[in-house]
Structures are given as C-alpha cells and as structure tokens.
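Me: I am new to this structure and would like a guided look at it. Could you show it to me first, please?

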Amino acid sequence: MARWVSALLVLAVSAAATAYAVTVPERTELPGLKTPHDGRWAYPALKLPALPSGSPPPHAEDNPTGRHHADLRDLLVPLPRKAVEDDAAPVRDGWVRAEDYAALWTGEKGVRVRLAEEGLRHIAGRAWSMPDGTRVQVFLLQFPTAATAAVYRTESAPRLPASADSVVDDAATLDEEGRPEGVYVVSRSEEKPKKGGTALRYAYISSGDTLGVVMFTAERDGAGAGEVPDTAYRQTVALQARMLG
C-alpha cells in the first residue's frame with residue numbers, strides 16, 4: 001500500500017488549508033469535513049477541549065511525560081453525520097474496560113497482561129455504524145507516560161483482531177508532512193483479502209502518553225462487495241490524529 005502523505009493532506013484539510021496549519025493546536029475549533037461527495041463523511045468541526053488551568057499540551061517542552069491533561073473522552077473524533085452509535089460495542093459512558101478491549105484481539109489473555117504490565121490507566125471509546133454497513137470503533141488507551149505508551153506500541157500492541165478471518169501486516173506510516181507534530185500513525189490491513197467474511201483496516205495513532213486505535217470493518221458478500229471505504233477510513237484516521245495532536 002502506498003504511503004499516505006498527499007492523500008491524508010487532502011483528506012485532513014479543507015480548501016482553507018491554513019486552518020489546519022498548526023503544530024500545537026489551540027484549544028479552539030478545528031474544521032471538520034462537511035462535503036462527503038467524494039467519499040468523505042460529513043464530520044462536524046473538530047473542537048479540542050479546554051485544558052485545566054496551568055496544564056501544558058501533550059507535546060510541550062514542559063510536559064516531559066507527554067501527558068494528555070484533558071478528559072480522554074473529549075479527544076475522541078466526533079460522530080459523522082448519518083452515524084448510528086453502536087450499542088453492541090463495549091463502551092459505557094465513553095469508557096471501555098481493559099478486559100473488553102482485550103477481547104477484541106486474538107491472544108486476549110496476553111493482551112490483558114501486557115496492558116497491565118505497561119500500567120494502563122484507562123481506555124476511552126466510541127463506536128458507530130454507517131448506512132453502508134461500515135462499522136467503526138475508536139479507542140484511546142492512556143498510559144502513565146509517553147515512554148510506557150511507546151513500549152506498548154512497539155513491543156506489545158496486538159496485530160490481529162479476533163474478528164478478522166485473515167492475517168494483517170504493515171500498510172503505511174504517515175510521513176512528517178501529513179501529521180501533527182509529535183504524532184505518528186501506522187495503518188494495517190489484510191494481506192490477502194478474500195470474498196465473503198469481514199473486511200478489515202485499522203490504525204495505531206501514537207501521541208504522548210496515549211495510543212489511539214481506529215478500526216474499520218465491513219461485511220463482504222460472496223462477490224467481494226462490502227469493502228472498507230478507503231477515503232472515509234483515511235479521513236477518520238487523519239482527524240483522530242489531529243484530535244490527539
């Protein structure tokens with residue numbers, strides 16, 4: 001899969017590109033994308049939550065642990081228009097239990113152990129479905145420090161969701177020009193897609209003490225229809241990266 005630089009720049013900004021030209025976003029509105037005619041979903045304008053008084057942004061020099069001081073639930077990408085919240089997802093009041101998150105992956109017991117070993121603090125989550133049948137789950141895992149989050153991402157993060165019926169491998173890493181400063185994105189997708197079953201794409205978004213996970217699935221029919229919508233997937237990953245920047 002090709003690298004994402006130009007694609008994500010197009011998807012993550014509006015015609016007024018300067019509105020997104022920030023290295024440490026202010027706690028103000030950032031534009032969403034409201035014109036889905038090219039495959040993008042209609043997201044509302046993004047709004048970063050206000051930080052507690054005296055608290056620095058996650059990538060500030062005076063924040064060596066990379067701490068996100070805002071309520072983690074307020075850093076989740078908002079629901080796009082026409083989305084229906086997924087009541088079957090393991091999300092309660094915006095939070096997800098570690099055991100429920102671990103159950104989404106193969107090697108569930110090992111996932112739980114690794115989360116505990118790296119001192120997982122909590123997980124925020126949001127899930128929805130779209131009229132075309134695409135299902136989206138977004139999770140934000142917060143660790144004690146940026147260092148422990150990095151150890152989990154590089155050494156322990158699972159590679160195969162339990163719902164997948166085929167293997168996944170590295171797809172693309174977002175280049176410096178296509179992401180907020182200090183935020184890194186790695187996408188994974190099916191190595192050998194096949195007819196029927198579940199189509200899958202997901203991305204890890206690393207930002208300070210927090211690891212974001214954006215997971216898209218779609219049920220295929222026998223003819224191979226029902227693939228994950230490429231444009232909407234890239235758009236959602238880019239916007240969630242902005243929320244964590």
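**Contacts and overall build**

Reply: Of the contacts (heavy atoms within 4.5 Å) in the protein with a separation of 6 or more, 61% are between residues 24 or more positions apart. This is a predicted model, in which local features need pLDDT of at least 70 and side-chain atom pairs count only at pLDDT 80 or more, while totals for chains, interfaces and linings use all residues. Residues are numbered from 1 along each chain as its sequence is written, and side-chain values use heavy atoms, with hydrogens and water left out.

Me: How many helices and strands are there in the protein?

Reply: The protein has five helices and ten strands. These are DSSP runs numbered from the N terminus: helices are H or I with at least four residues, strands are E with at least two.

Me: And how much of the protein is buried?

Reply: Of its 245 residues, 49% are buried. Buried means under 20% relative accessible area, exposed over 50%, and partly exposed in between (1.4 Å probe, protein chains only). The protein exposes about 11,100 Å², and carbon and sulfur atoms supply 50% of that area. Accessible areas come from the Shrake-Rupley method with a 1.4 Å probe; for residues, only the protein chains shown count as cover.

Me: What about helix α5: how far apart are its end C-alpha atoms?

Reply: They are 22 Å apart, which agrees with the 21 Å that its 15 residues (230–244) should span at 1.5 Å a residue. The expected span is 1.5 Å times one less than the number of residues. Helix α5 is mostly covered, as 13 of its 15 residues are buried.

Me: Switching to charges, how many salt bridges are there?

Reply: The structure holds seven salt bridges. A salt bridge is a side-chain nitrogen of Lys or Arg within 4 Å of a carboxyl oxygen of Asp or Glu.

Me: Which residue does R135 meet in a salt bridge?

Reply: R135 meets D86, at 2.4 Å from N to O. The pair links distant parts of the chain, 49 residues apart: R135 lies in strand β6 (residues 135–142) and D86 in the loop between β3 and β4. R135 is partly exposed at 28% relative accessible area, whereas D86 is buried at 16%.

Me: Which residue pairs with R73?

Reply: R73 forms a salt bridge with D71, with the closest N and O atoms 2.9 Å apart. R73 is partly exposed at 29%, and D71 is partly exposed at 31%.

Me: Which residues are linked in a network of salt bridges?

Reply: R97, E99 and D100 are linked in such a network. The side chains of D100 and R97 meet at 3.0 Å, N to O.

Me: Now D209. Where is it found?

Reply: D209 is in the loop between β9 (198–207) and β10 (210–219). D209 is buried yet has no salt bridge, and R67, the nearest side chain of opposite charge, is 4.0 Å away. For charge, Lys and Arg count as positive and Asp and Glu as negative; His and the chain ends are not counted.

Me: What does its side chain make a polar contact with?

Reply: The side chain of D209 makes a polar contact with the side chain of T210, at 2.9 Å. A polar contact is a pair of N or O atoms within 3.5 Å; within protein, one must be able to donate a hydrogen and the other to accept it, and residues adjacent in sequence count only if both atoms are side-chain atoms.
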